[in-house]
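Me: I am new to reading protein structures, and I would like to go through one slowly. Could you take me through it feature by feature?

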Amino acid sequence: MGTRRQRVVLVTGASSGFGRAIATALAGDGDRVYGSLRAPSPDRCPFDTLAMDVTREDTVTAAVATILERHGRIDAVVNNAGMGIAGAIEDTTVEEARAQFETNFFGTHRVCRAVLPHLRAAGGGTIINISSLAGHVPLPFQGLYSATKFAIEAYSEALRMEVRPFGIRVAMVEPGDYATGFTANRRMTAASGPASAYHDACTRAIARMARDEQANRDLAPVVDAVRLILRSGRPALRHPRATASQRLAVALRPFLPQSLWESLVRGTYGLR
Ligand SMILES: NC(=O)c1ccc[n+]([C@@H]2O[C@H](COP(=O)([O-])OP(=O)(O)OC[C@H]3O[C@@H](n4cnc5c(N)ncnc54)[C@H](OP(=O)(O)O)[C@@H]3O)[C@@H](O)[C@H]2O)c1
């Protein structure tokens with residue numbers, strides 16, 4: 001049996017959650033993995049680490065340059081870095097909304113723009129964007145977060161068609177609810193306190209979301225979706241990794257009356 005060439009892979013947001021699990025698994029598979037961290041970690045990582053804040057172009061450029069200096073190529077990028085700012089849309093300032101987009105959407109765009117010239121020059125590569133089921137199903141009180149993931153869905157589909165002639169593959173993993181650092185790292189908008197007209201509803205909905213996230217500790221489906229995409233010559237665009245009932249809900253949504261859909265979502269999150 002022939003041995004496959006070691007892939008050089010960049011995984012953003014590798015300090016915890018999916019990013020750490022993906023980077024660890026790929027390094028275990030024999031890939032040369034660079035996991036990016038915002039803050040240097042005292043922990044030993046089973047992969048190489050690089051400093052990168054996806055909201056800062058200079059750090060993105062420097063991290064990509066380091067990998068190219070060392071290896072002369074990057075074979076794959078997993079755009080995973082992300083976070084959630086929750087709260088009612090009315091309670092979200094433009095600055096908070098911008099911060100949400102700066103990380104989840106523009107962060108992905110910065111990294112793509114930094115690596116694409118090199119993938120094109122090399123004649124191919126793979127970009128994997130970590131989207132979300134919230135990129136199909138907007139969640140109340142995670143409206144801005146959902147908007148960033150809807151944006152990632154549109155962006156990834158368009159990018160995929162643009163770069164296909166250069167041998168570059170683009171795919172998304174769309175996780176449902178998983179226990180990562182996401183729940184604890186979720187920020188509430190500054191105006192979400194008890195004075196907000198939405199306080200009770202928002203608190204109830206986010207508590208339910210947090211419970212659903214923390215109930216699912218097995219990150220393997222998301223890690224394995226990344227492995228599948230990397231192995232595949234022609235990966236599907238979307239790789240949803242959620243419970244059967246969540247996947248069914250997403251599949252049925254276009255066929256359900258909007259009023260029925262909304263009452264199902266409101267019921268799930270205890271909203272009037
Ligand atoms: N958990 C879920 O249920 C779920 C569901 C669907 C989609 N997702 C998506 O999965 C991805 C990974 O999140 P996770 O669930 O694994 O949460 P997590 O454990 O909180 O990990 C998020 C990672 O992103 C990094 N990050 C945040 N802001 C960054 C920035 N400005 N620059 C660079 N890195 C940054 C964090 O680094 P720091 O340690 O420096 O903050 C951390 O390494 C996100 O895109 C999220 O939207 C999660």
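Me: How do the residues of the shell around the ligand divide into nonpolar, polar and charged?

Reply: Please keep in mind from the start that this is a predicted model. To read a shell, one sorts its residues by the kind of side chain. Here the shell around the ligand divides into 10 nonpolar, 14 polar and five charged residues.

Me: Which of the 29 residues around the ligand come nearest?

Reply: Those that come nearest are Ser 15, Ser 16, Arg 38, Tyr 145 and Thr 180.

Me: How much of the ligand does the protein bury?

Reply: The ligand taken alone exposes 890 Å², and the protein buries 93% of that area. As for the elements around the ligand, those that give two or more residues to the shell are helix H1 (17-28), helix H4 (143-163) and helix H5 (182-185).

Me: Let us stay with helix H4. Is Thr 148 buried or exposed?

Reply: The general idea is to compare the relative accessible area with a cut-off, and a residue under 20% counts as buried. Thr 148, which is found in helix H4, counts as buried because its relative accessibility is 0%. A polar atom of the Thr 148 side chain also lies 2.6 Å from the backbone oxygen of Tyr 145, and Tyr 145 is one of the residues that come nearest to the ligand. Lys 149 is found in helix H4 as well, and with a relative accessibility of 5% Lys 149 counts as buried.

Me: How many salt bridges does the structure have, and what should I look for in one?

Reply: One looks for a side-chain nitrogen of Lys or Arg within 4 Å of a carboxyl oxygen of Asp or Glu, and by this rule the count comes to 15 salt bridges. In one of them Asp 31 pairs with Arg 4, and their closest N and O atoms are 2.8 Å apart. This pair links distant parts of the chain, since Asp 31 is in the loop between H1 and S2 while Arg 4 is in the segment before strand S1 (8-11), 27 residues apart. Asp 31 counts as buried because its relative accessibility is 5%, whereas Arg 4, with a relative accessible area of 44%, is partly exposed.

Me: What does the salt bridge between Glu 213 and Arg 186 tie together?

Reply: In this salt bridge the closest N and O atoms are 2.4 Å apart. Glu 213 lies in helix H6 (residues 199-214) and Arg 186 in the loop between H5 and strand S8 (187-188), so the pair ties together parts that are 27 residues apart in sequence. Glu 213 is buried, with a relative accessible area of 5%, and Arg 186 is buried, with a relative accessible area of 10%. Salt bridges can also share partners, and in this way Glu 153, Glu 157, Glu 174 and Arg 238 are joined into one network.

Me: How do Arg 110 and Glu 102 meet?

Reply: Their side chains meet in a salt bridge, at 2.6 Å from N to O. Arg 110 is buried, with a relative accessible area of 16%, while Glu 102, with a relative accessible area of 27%, is partly exposed.

Me: Where does Ala 39 lie?

Reply: Ala 39 lies in the loop between strand S2 (32-37) and strand S3 (48-51), and with a relative accessible area of 49% Ala 39 is partly exposed. The C-alpha atoms of Ala 39 and Leu 50 are separated by 9.3 Å, and these two residues are 11 residues apart along the chain.

Definitions and conventions
Residues are numbered from 1 along each chain as its sequence is written. This is a predicted model: local features need pLDDT of at least 70, side-chain atom pairs count only at pLDDT 80 or more; totals for chains, interfaces and linings use all residues. Side-chain values use heavy atoms; hydrogens and water are left out. Helices (H or I, at least four residues) and strands (E, at least two) are DSSP runs, numbered from the N terminus. Buried means under 20% relative accessible area, exposed over 50%, partly exposed in between (1.4 Å probe, protein chains only). A residue is near a molecule or strand if one of its heavy atoms lies within 4 Å of it. Accessible areas come from the Shrake-Rupley method with a 1.4 Å probe; for residues, only the protein chains shown count as cover. Ala, Val, Leu, Ile, Met, Phe, Trp, Tyr, Cys and Pro count as nonpolar, Asp, Glu, Lys and Arg as charged, and the others, Gly among them, as polar. A polar contact is a pair of N or O atoms within 3.5 Å; within protein, one must be able to donate a hydrogen and the other to accept it, and residues adjacent in sequence count only if both atoms are side-chain atoms.
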